[in-house]
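Work through the exercises below with the structure on display. Try each task before reading its solution.

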Amino acid sequence: MKTFKEFLGEKKAIVEKAIEEELNKLTYPEVIAEGMKYAVLNGGKRLRPILLLMTLDLLEKDMRLGTHIGAAIEMIHSYSLVHDDLPALDNDDYRRGKLTTHKKFGEAQGILIGDALLTHAFAILSERREGLNSDQILDIVNLTGKYAGVNGMIGGQMVDIESEGKKIDFETLKYIHRNKTGKLIKLPLEIGAIIGNISEEKRDILVRYGELIGLAFQIKDDILDIEGDFEKIGKPVGSDLELEKSTYPSLFGMEKTKKILEETLIEAKDILIENFGFEKSRRFVELADYIGYREN
């Protein structure tokens with residue numbers, strides 16, 4: 001059996017091929033076409049599209065049904081990073097060890113490159129494709145719009161900005177994490193459930209797993225912002241402290257934060273093992289550990 005690292009590499013190659021196929025169709029205006037490629041094809045983990053492929057495999061569906069949908073999800077994720085890095089938000093100069101998109105192409109260009117990634121993603125999602133009916137495509141587009149927008153990532157980002165420099169309660173912090181990061185991690189699992197046409201009970205199990213690993217991902221990011229290394233994470237550490245953001249470590253301290261992370265990972269792994277069995281859940285268990293113990 002392949003190691004988990006080999007497994008991730010194999011799935012990442014599938015996703016990146018689909019991303020390149022979509023972006024290579026765009027040639028003009030050149031700065032937009034080039035900037036979109038720069039923003040997306042820069043060494044990301046591809047966690048979200050890989051999660052979609054894993055879900056389809058778990059449900060014994062053809063993974064090819066999810067490759068270009070996964071590419072669209074990655075474009076939405078990349079657009080959010082391009083805009084997060086802008087001077088009006090986090091004002092970062094580096095992303096994944098390279099200049100941020102607005103530093104490379106200019107601020108106005110960075111805004112439009114992010115806009116282009118978001119809107120083009122929906123063009124990809126709404127295309128007719130063999131193996132999916134119109135109701136499934138509509139459900140996928142609708143869910144993506146909700147999770148990427150005001151009731152998801154954008155809502156979480158807005159409350160995060162409003163909370164800078166303030167002492168917020170735990171419920172507000174949970175709202176930020178659940179929406180800013182969690183919704184887009186949960187999205188591919190729900191899209192896999194739509195394609196797989198599974199029962200509500202099984203969908204709820206996948207959704208819960210997605211919620212838990214989304215939370216674990218953000219908690220780990222909070223930890224890395226304090227304990228991480230620029231050479232490994234590819235961006236400066238300490239930005240949360242500089243912007244006076246409320247995080248798990250700021251609310252609970254580092255020791256308790258690490259305990260919460262461990263408990264979250266255990267719950268995520270257990271829920272899939274209990275409902276799908278260990279063998280079918282093996283890669284999801286390994287993914288949870290990968291999220292919780294990563295260095296970047």
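**Exercise 1.** Which residues of H6 are buried?

Solution. The model is predicted: local features need pLDDT of at least 70, side-chain atom pairs count only at pLDDT 80 or more, and totals for chains, interfaces and linings use all residues. Residues are numbered from 1 along each chain as its sequence is written, and side-chain values use heavy atoms, with hydrogens and water left out.

Step 1. Locate the helix. Helices (H or I, at least four residues) and strands (E, at least two) are DSSP runs, numbered from the N terminus. H6 has 19 residues, 107–125.

Step 2. Apply the cut-offs: buried means under 20% relative accessible area, exposed over 50%, and partly exposed in between, with a 1.4 Å probe and protein chains only. The buried residues of H6 are Gly110, Ile113, Gly114, Ala116, Leu117, His120, Ala121, Ile124 and Leu125.

Step 3. Look down the axis of H6. The buried residues fall within an arc of 160 degrees, so they line one face of the helix. The arc is that of the directions from the helix axis to the C-beta atoms.

Step 4. Find what covers this face. Contact means heavy atoms within 4.5 Å. The cover of the buried residues includes H1 (4–23), H2 (30–40), H4 (67–84), H5 (101–105) and H7 (134–148).

**Exercise 2.** Check what span H6 should have at 1.5 Å a residue.

Solution. Step 1. The expected span is 1.5 Å times one less than the number of residues.

**Exercise 3.** Which residues in the largest nonpolar core touch the most other members?

Solution. Step 1. A nonpolar core is a set of buried Ala, Val, Leu, Ile, Met, Phe, Trp, Tyr and Cys residues joined through side-chain atoms within 4.5 Å.

Step 1. The largest core has 77 residues, and Leu51, Ile69, Leu117, Tyr209, Ile213 and Leu287 touch the most other members. Helix H9 (residues 170–196) gives the most to this core, with 10 residues.

Step 2. Take Tyr209 as a case. Not counting residues up to four places away in sequence, Tyr209 touches Leu51, Leu189, Ala268, Ile271, Leu272, Phe284, Leu287 and Ala288.

**Exercise 4.** What volume does the largest cavity have, and which residues are closest to its centre?

Solution. Step 1. On a 1 Å grid over the protein atoms alone, a cavity is a set of points where a 1.4 Å probe fits but cannot get out, and lining residues have an atom within 4 Å of a point. Grid points are joined across faces, edges and corners, and a volume is the space filled by probe spheres set on the points.

Step 1. The volume of the largest cavity is about 100 Å³. Among its 13 lining residues, Ala39, Asn42, Val82, Arg95 and Thr101 are closest to the centre.

Step 2. H4 gives the most to this lining, with three residues.

**Exercise 5.** Where are Asn91 and Asn197 found, and is each exposed or partly exposed?

Solution. Step 1. Asn91 is in the loop between H4 and strand E1 (94–95), and Asn197 is in the loop between H9 and H10 (200–227).

Step 1. Asn91 has 46% relative accessibility, so this residue counts as partly exposed. Asn197 has 64%, so this residue counts as exposed.

Step 2. Check the backbone. Phi of Asn91 is near 55 degrees, and phi of Asn197 is about 55 degrees. Most residues other than glycine have a negative phi.

Conventions:
1 Å grid on protein atoms, 1.4 Å probe; cavity = no way out; pocket = protein on both sides within 12 Å on 5 of 7 lines; lining within 4 Å.
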